[in-house]
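Please read these comments alongside the coordinates.

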Amino acid sequence: MPNDLTFSPGVDLITDKVAVVMQDRPVIGMSAWLSDALTSAKAAGRDVQLITPKASRLTWPVRSTLFGGLNAKWVVTADDGEYFDGLNGVRLKWNGEQFLARSTARPGEQTSDLHPDFAVQEDLFGQLQFTVRVRHKPVASLVLGRVAERLFTATTGTGPAGWSTSEPVTQPWSPEALTEYCRGRAPDPTWLILAGQPGAEFRPAVGTLEARRTQSGLDETVTLAVAQPGMDFPDVNKVGDWIDEIADNFELISAMVMGSYGAADGTYQPRFVAMASPIGIAAGHEAVEGSSVAEMVKVEGISKALAIGPAHAPAIWYPIGNGRDPRDWEKYAALMKKLIPTEALAGRK
């Protein structure tokens, strides 16, 4: 159980809107204190606003997990004493309850209220990002972590080095030990951090694993960010082969692969970088049921979609782009209309 927000050691200020955490470190990882602050804030109905100097960098688990809420922000302190959003550069102000954008553009207008420190040019390095979700039957023989092993090995040349509940990662890699830890927490969900192998011969990589019971079984969601040696990403067909291998061996629910950018060591600075762009998406057999493969592969702008996985329960791989062209989001939007019809969205609302 998380601490009561009042007693969470990582929280510096609590308001009716947010929990404020101040960190002054070169690299901000998902430490035990920061993880507790996030969990405690969620339990109290608040988002976390993280304040750091402009020289600080974030790890993938922090960047991909901490800022999901409406009021969550990476608040960066500039040399001139102002604050700006580390994800989009917008100047921020404190209104007594939370940090908000200092000014808001009128409808249809773009805001120019960006802090100049955000626009500093940095050398860009590619970040290959995966989010893969599979479903398991909740049987005693289940072992988690095999999807992560396949992804790490395909993208870095070797499997994960270790796992932990926070950063830095402390436990040597063991799918059996990881599974036993998750089983001990069931039916509560478990969120873990996975680290790639150190050493210059391996690409910097870090990921997360979430195990969550559902009505249909146990869902395992793996995210992974792998630093690339330059700006280019693997060919979309090669990425498709990696996802196909997972679909052949697991019940694939979905997969999303993107090209993004960050520092050479796999961390993220509060600087402008090129827009993340899609490489490909896989829709699991659930999305294909009720239709046909021939129908599901027909998507505007995507000409080489194909069935992957077992023939009796096929999934679909949709190759979208090279990870460097923001215009590919138009193809993504067309695909989402195919996979999530308007009437389904209306029903959810």
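The points below take the hairpins, then the sheet, then the helices.

1. Basis. This is a predicted model, in which local features need pLDDT of at least 70 and side-chain atom pairs count only at pLDDT 80 or more, while totals for chains, interfaces and linings use all residues. Residues are numbered from 1 along each chain as its sequence is written, and side-chain values use heavy atoms, with hydrogens and water left out. Helices (H or I, at least four residues) and strands (E, at least two) are DSSP runs, numbered from the N terminus.

2. Phe 84 stands opposite Arg 91 in E8. The hairpin has 5 residues between its strands, and Gly 89 in the turn has a positive phi of about 80°.

3. Hairpin E8–E9. E8 also pairs with strand E9 (residues 99–101), in the antiparallel sense over 3 bridges. Here Lys 93 is opposite Leu 100 in E9. This hairpin has 4 residues between the strands, with Gly 96 in the turn at a positive phi of about 100°.

4. The open sheet. An open sheet is formed by 10 strands with antiparallel pairing, in the order E12-E11-E13-E14-E15-E10-E16-E17-E19-E18. Strands E12 (171–172) and E18 (306–308) are at the edges, each with a single partner strand, so one side of each has no neighbour in the sheet. Within the sheet, E13 (residues 190–195) and E14 (residues 205–214) pair over 6 bridges, and Trp 191 stands opposite Glu 210 in E14.

5. Helix H3 against helix H5. The axes of H3 (residues 146–156) and H5 (residues 236–249) come within 10 Å and cross at roughly 160°; axes are lines fitted to C-alpha atoms, for helices over the stretch in contact, with angles from 0 to 180 degrees between N-to-C directions. That makes the two helices roughly antiparallel (angles over 145 degrees). The contact (heavy atoms within 4.5 Å) is made by Val 147, Arg 150, Leu 151, Ala 154 and Thr 155 of H3 and by Trp 242, Glu 245, Ile 246 and Asn 249 of H5.

6. Helices on strands. H3 lies across strand E10 (125–136), E13, E14 and strand E15 (217–227), running at about 20° to E15. Helix H8 (residues 329–339) lies across strands E16 (251–262), E17 (277–283) and E19 (315–319), and runs at about 20° to E17.

Terms used: Pairing = 2+ DSSP bridges. Parallel < 35°, antiparallel > 145°, perpendicular 65-115°, else oblique.
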